[in-house]
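Subject: Handing over the structure and my notes on it

Dear colleague,

I am passing on the structure we spoke about, together with my notes on what I found in it. Please open it alongside this message.

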Amino acid sequence: GLGHQVSHLPLLNVEKINYEEVNFFQYGGIIFTSANSIKFLDLNKINKNIMCFCVGSSTEKIAKKSGFQNIFCAEGNVNNLKEIIIQNFDKKNGSLIYICGEIVSYNLDKDLILEGYSITRLVNYKVKPTEEIRGEFIKDLKLLIPDIVFIYSENSARSFLNILKKYDLQDEWMETNLMCLGERASSVL
């Protein structure tokens, strides 16, 4: 309503990875570092009272919607999540299962194993960069380069860079403010 024009350019395609049958009842806790990991999970086979650890509020929202009752939430960073798990999950309560994408920016499972936890990593989705963009979108973009670009992840940053190169758009962006979620994303660009 402030007279801003907002364009949305999906830079990543998320695809489900089929995983082997898991007995979720053998775990005392479940860890989600993205909303996608919940979306691509067969939720019928999970006790929703299990201790559920989420990396941030958007992941937590999806976990709540999916019926999880016992959620612990970090402020969007994995280091913080690790501390929350250590503070709230007693190793005596069994193993943890960590549901995530194929590529993670940080190996949470390795760190928790070093802390003496038993943890299984289950990969249930992968992310592919968007290769093609509608010609109209590129035309509009060339006419009106945005003042601000928001990039949400390191993967998105890489994909964005490839698109700028592919469609020969690098030079037009010199005046644009770049807003990134996290240093990894900004360092790519």
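The notes below begin with the chain as a whole and then turn to the sheet, the aromatic rings and the cysteines.

Please keep in mind throughout that this is a predicted model. The chain contains seven helices and eight strands, and its C-alpha atoms fill a box of roughly 60 × 35 × 30 Å when this is taken along the principal axes. Of its 189 residues, 38% count as buried. Among the contacts in the chain with a separation of 6 or more, 63% come from residues 24 or more positions apart.

Turning to the sheet, six strands make up an open arrangement in the order β1-β6-β5-β2-β3-β4, and the pairing is mixed. Strands β1 (12–16) and β4 (70–73) stand at the edges with a single partner strand each, so one side of each is left without a neighbour in the sheet. From one strand to the next, the twist averages 25 degrees. Strand β2 (residues 27–32) and β5 run parallel and are joined by five bridges; within this pairing, Ile30 has Ile97 in β5 as its bridge partner. Two helices that pack on the sheet deserve a look. Helix α2 (residues 57–65) touches β2, β3 and β4, and its direction makes about 175 degrees with that of β4. Helix α3 also packs on the sheet, where it touches β2, β3, β4 and β5, and its direction makes about 160 degrees with that of β3.

The aromatic rings come next, with a count of five aromatic pairs. One of these is formed by Phe53 and Phe89, whose rings are edge-to-face, at 6.3 Å centre to centre and with 85 degrees between the planes. Because Phe53 lies in strand β3 (residues 51–54) and Phe89 in the loop between α3 (78–88) and β5 (95–101), this pair ties together parts that are 36 residues apart in sequence. Both residues are buried, Phe53 at 0% relative accessibility and Phe89 with a relative accessible area of 1%. Phe89 also pairs with Tyr117, this time in a tilted arrangement, at 6.3 Å centre to centre and with 35 degrees between the planes. Since Tyr117 is in the loop between α4 (108–114) and β6 (119–129), while Phe89 is in the loop between α3 and β5, the second pair ties together parts that are 28 residues apart in sequence. Tyr117 counts as buried as well, at 6% relative accessibility. Phe53, Phe72, Phe89 and Tyr117 form one aromatic cluster, and Lys91 lies over the face of Tyr117, at 5.4 Å from the ring centre.

Finally, the cysteines: a search of the whole structure finds zero disulfides. For Cys52, which is in no disulfide, the nearest cysteine sulfur is that of Cys54, 4.0 Å away, and Cys52 is buried, with a relative accessible area of 0%. For Cys73, the closest cysteine sulfur is also in Cys54, but at 6.0 Å the two are too far apart for a bond. Cys73 is partly exposed, with a relative accessible area of 25%.

How values were computed: Residues are numbered from 1 along each chain as its sequence is written. This is a predicted model: local features need pLDDT of at least 70, side-chain atom pairs count only at pLDDT 80 or more; totals for chains, interfaces and linings use all residues. Side-chain values use heavy atoms; hydrogens and water are left out. Rings of Phe, Tyr and Trp (its six-membered ring) pair if their centres lie within 6.5 Å; planes under 30 degrees apart count as stacked, over 60 as edge-to-face and the rest as tilted. Helices (H or I, at least four residues) and strands (E, at least two) are DSSP runs, numbered from the N terminus. Buried means under 20% relative accessible area, exposed over 50%, partly exposed in between (1.4 Å probe, protein chains only). A charge sits over a ring if NZ of Lys or CZ of Arg is within 6 Å of the ring centre and within 35 degrees of the ring normal. Two strands pair if DSSP finds at least two bridges between them. Axes are lines fitted to C-alpha atoms, for helices over the stretch in contact, and angles run from 0 to 180 degrees between N-to-C directions. Contact means heavy atoms within 4.5 Å. A disulfide is a pair of cysteine sulfur atoms within 2.5 Å.
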